[in-house]
Amino acid sequence: ALLRARGYRITPVGTEGELDPATFSLAGHAKRDLRHYRNKARKAGLLVEELPDSPATRAALLPVSRAWLPFKSWLASELEFLARPFVDYAEPGVRIFAARAGERIVAFTILDPMYDAGRVTGYTVSILRHRPDAPEGACDYINLYVLDRLLEEGISTLSLGVSPFCRMEEIARHTAAAFGAEAEFKFKRNYPPLVNHEKETAFAVDVMRAVVGADRRDRQHLR
C-alpha cells in the first residue's frame, strides 16, 4: 500500500507457499503423496533430528550437497544468482534439520528465520538437499517433522518459498501494465511434462556407464 501510494506498480513474480503448523493436516486426497513419502521414510527407518549450526555440521552436510548438485544444476555447481547457496559456515538464527539412515545423513533442510518486530514468527525453508539414493520424499518427511516442532514451539508460519510463475496470467498482465501495455494470455495444456525420476535416472546412468564407459557419458544431457 505504501509503494502504491508513491506511484509504484507491484508486479508479482510468483506465489509464496505458507503453512500454519496449527491447521496443517495430512488428510484428504491432495495430501496423498505426502502420506506416501511419510510411510516410505518410516519403513526405511529414517530418523529426523535438529542439528546445531556449526562448521562441523556443515562439513557433515557437504557430501550430501555435492551429491545433490549434479542432479539439479546443469553446471553441477551452486547457482548463486538464482538461489541461496549452501555455505560451510554457521549463520545467525538459521536452523538445520537432517534425516539419517543409520549413521548416514541422507537429506537435510536449512531454515531461515522470519521476524516481526524483532521476534521470530516463522521460518522459510531455504535449502533442501538429499542424496540420490535417499528414500523418495525424504525432504518432505523432514518438513513434516519441522511442522510438528514449530507447532510445539508456538511458531505460526512455515514458508516453503516462492513458486515462480505460479500465476502466469496475472504475472503477464502486471508485467505488461508496468510498461503501459496490455497482454493477451493463452495457455495450452496439450503436452504433459517429462519427469525423469532421480532413482530411475541414476540406474540408467549406471547401465550406460557399464555399456559405453564412464568417459563417454555427458551428465548434462540427462536433464
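Me: Which residue does Arg95 stand opposite in S4?
Reply: In this model, which is predicted rather than determined by experiment, Arg95 stands opposite Leu111 in S4.

Me: And how many bridges join S3 to S4, and in which sense do they run?
Reply: The two strands run antiparallel, and 7 bridges join them. They also form a hairpin, with 2 residues between S3 and S4.

Me: What is the phi of Gly102 in that turn?
Reply: Gly102 has a positive phi there, of about 70°.

Me: Which other strand pairs with S3?
Reply: Strand S2, which covers residues 47–51, pairs with S3 in the antiparallel sense, and this pairing extends over 5 bridges. Within it, Leu47 stands opposite Arg100 in S3.

Me: So is S3 mostly covered or mostly open?
Reply: S3 is mostly covered, since 6 of its 7 residues are buried.

Me: Switching topic, how many aromatic pairs are there in the whole structure?
Reply: A search of the whole structure finds 2 aromatic pairs. In one of them, formed by Phe86 and Phe108, the ring centres are 5.6 Å apart and the planes stand at 55°, so the pair is described as tilted.

Me: Why does it count as tilted?
Reply: Planes under 30 degrees apart would count as stacked and planes over 60 as edge-to-face, so an angle between those limits is called tilted.

Me: Where do Phe86 and Phe108 sit along the chain?
Reply: Phe86 lies in the loop between helix H3 (55–72) and strand S3 (95–101), whereas Phe108 belongs to strand S4 (residues 104–116), so the pair ties together parts that are 22 residues apart in sequence.

Me: Are those two buried or exposed?
Reply: Phe86 is buried, and Phe108 is buried as well.

Me: What about Thr121, where is that?
Reply: Thr121 lies in strand S5, which spans residues 119–130. With a relative accessible area of 17%, Thr121 is buried, because the cut-off for that word is under 20%.

Me: Which residues does Thr121 touch?
Reply: Leaving aside residues up to four places away in sequence, Thr121 touches Met114, Tyr115, Asp116, Ile155, Ser156 and Thr157.

Me: Last one: which residues form the nonpolar patch on the surface?
Reply: That patch is formed by Phe203, Val207, Met208, Val211 and Val212, which together have about 460 Å² of accessible area.

Me: And where is Val212 placed?
Reply: Val212 is in helix H6, which runs over residues 198–212, and at 31% relative accessibility Val212 counts as partly exposed.

Technical notes
Residues are numbered from 1 along each chain as its sequence is written. This is a predicted model: local features need pLDDT of at least 70, side-chain atom pairs count only at pLDDT 80 or more; totals for chains, interfaces and linings use all residues. Side-chain values use heavy atoms; hydrogens and water are left out. Patches are made of residues with over 30% relative accessible area and no salt bridge: like charges are joined within 9 Å, nonpolar side chains (Val, Leu, Ile, Met, Phe, Trp, Tyr) within 5 Å. Accessible areas come from the Shrake-Rupley method with a 1.4 Å probe; for residues, only the protein chains shown count as cover. A salt bridge is a side-chain nitrogen of Lys or Arg within 4 Å of a carboxyl oxygen of Asp or Glu. Helices (H or I, at least four residues) and strands (E, at least two) are DSSP runs, numbered from the N terminus. Buried means under 20% relative accessible area, exposed over 50%, partly exposed in between (1.4 Å probe, protein chains only). Rings of Phe, Tyr and Trp (its six-membered ring) pair if their centres lie within 6.5 Å; planes under 30 degrees apart count as stacked, over 60 as edge-to-face and the rest as tilted. Contact means heavy atoms within 4.5 Å. Two strands pair if DSSP finds at least two bridges between them.
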